[in-house]
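Hi there,

Here is the structure I promised to pass on. Have a look at it first, and my notes follow below.

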2 protein chains.
Amino acid sequence: MLRISRLTDYGTLVLAHLPAREAELMSAAEVAAATGINLPTVSKLLKSLTKAKLVASGRGAQGGYRLARDAARISAAEIIDALEGPVSITECSATDSHCDLESVCSVGNAWQRINVAIRRALQEINLTELQRARAPVPRFELAGTPIHVERKG
Amino acid sequence: MLRISRLTDYGTLVLAHLPAREAELMSAAEVAAATGINLPTVSKLLKSLTKAKLVASGRGAQGGYRLARDAARISAAEIIDALEGPVSITECSATDSHCDLESVCSVGNAWQRINVAIRRALQEINLTELQRARAPVPRFELAGTPIHVERKG
DNA sequence: ATAAAAGAGGACTATTTTAGTCCTATTTGA
DNA sequence: TCAAATAGGACTAAAATAGTCCTCTTTTAT
Ligand code: FES
Ligand code: FES
């Protein structure tokens, strides 16, 4: 069902291996070695992430990449946006930016509202939580009924 | 990003037009006319939905389809499962697949838990809510912070 | 009986999306 | 000046999705 692409999964792994802000740069080749992902793919991912301002880069010899900001301030939603683009059934439902056709729009259906709801939840999950093997378990509440998600294993 | 396929969207529309349980059957051709979706596609959708036990069918002349149970007892998660299959949020975290990056990957499990959380939320949304033009807006709570999603328009 | 109306179940093609690779230009440090 | 890197695309390959079509079975009406 609602699936993120494999590249987004890889991208998260790449981000998890990058040095933090202020630390030294790490080259794409080093990231590829650390993650086990092929270099061309890592390179492509890092370029996309840099373009999205999630990663900062230094060019030339001794160049490389590092996180553009603290892992705690990089959300799952941002990672998805950077690597999959704000694609959705309709352009306006993809982002939080409000379309001024909303009031007269007939295609703003329930699925799109659900999509927005999920999206907002994803904005509350940051890279630090994604990195941790035992991150706090997300808990969703819907229509007054708390839904608790158990920790695995 | 996390998008549902077009067929799933169509499928929801088809379900919304089907007669309720105990009412008379409606043929695929009638559903196609009512929804504006091409007949072969409607037919395919109805077959998938029937196989998933979300709709009941009658064969032969005067045959057709109706909801297998009350709309309030058909969840969004079931509709997605019927039309897209029970795929996971990431390929790696699917139970039947084994990713060769697993040994170095620190994030697969986090995406999987997010997936479970989203699934559970989707199980709480039913067809009646999807049908309503102005359905109650889903509200998600994550890690103690309530996230309210405003009604559109 | 027979014919017609419908669904069941696949097979098939076409389209679109996604993944992965590669090439060339540019930047930087030694 | 050379070598190490990223930037930015172009390109191909692979996979998922959408859509169509064919044949078989079931049911009802004549
Ligand atoms: S066109 Fe913007 S809400 Fe539908
Ligand atoms: S388990 Fe496959 S990339 Fe994480």
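Let me begin with B:Arg69, which is buried at a relative accessible area of 17% (buried means under 20%, exposed over 50% and partly exposed in between, with a 1.4 Å probe and protein chains only). Its partner is B:Glu78: the two side chains meet in a salt bridge, 3.2 Å from N to O (a side-chain nitrogen of Lys or Arg within 4 Å of a carboxyl oxygen of Asp or Glu). B:Glu78 is partly exposed, with a relative accessible area of 26%.

Chain A has a salt bridge too, between A:Arg69 and A:Glu78, with the closest N and O atoms 3.2 Å apart. Here A:Arg69 is buried at 17%, while A:Glu78 is partly exposed at 27%. Over all chains, the count is two salt bridges.

A word on the conventions. This is a predicted model, in which local features need pLDDT of at least 70 and side-chain atom pairs count only at pLDDT 80 or more, whereas totals for chains, interfaces and linings use all residues. Residues are numbered from 1 along each chain as its sequence is written, chains are lettered from A and ligands numbered from 1 in the order in which they are written, and side-chain values use heavy atoms, with hydrogens and water left out.

Now to the DNA. Around DNA strand D there are 23 residues, of which A:Ala28, A:Ser57, A:Tyr65, B:Arg6 and B:Lys44 come nearest (a residue is near a strand if one of its heavy atoms lies within 4 Å of it). By class, this surface has seven nonpolar, 11 polar and five charged residues (Ala, Val, Leu, Ile, Met, Phe, Trp, Tyr, Cys and Pro count as nonpolar, Asp, Glu, Lys and Arg as charged, and the others, Gly among them, as polar).

Which part of DNA strand D do the atoms within 4 Å of the protein belong to? Sugar or phosphate accounts for 66% of them, and bases for the rest. On the phosphate side, a backbone N or O atom of A:Ala28 lies 2.8 Å from a phosphate oxygen of DNA strand D. As for the bases, a polar backbone atom of A:Ala61 is 3.4 Å from a base nitrogen of DNA strand D, and a polar backbone atom of B:Ala61 is 3.2 Å from a base oxygen.

Enjoy looking through it!

Best wishes

How values were computed:
A polar contact is a pair of N or O atoms within 3.5 Å; within protein, one must be able to donate a hydrogen and the other to accept it, and residues adjacent in sequence count only if both atoms are side-chain atoms.
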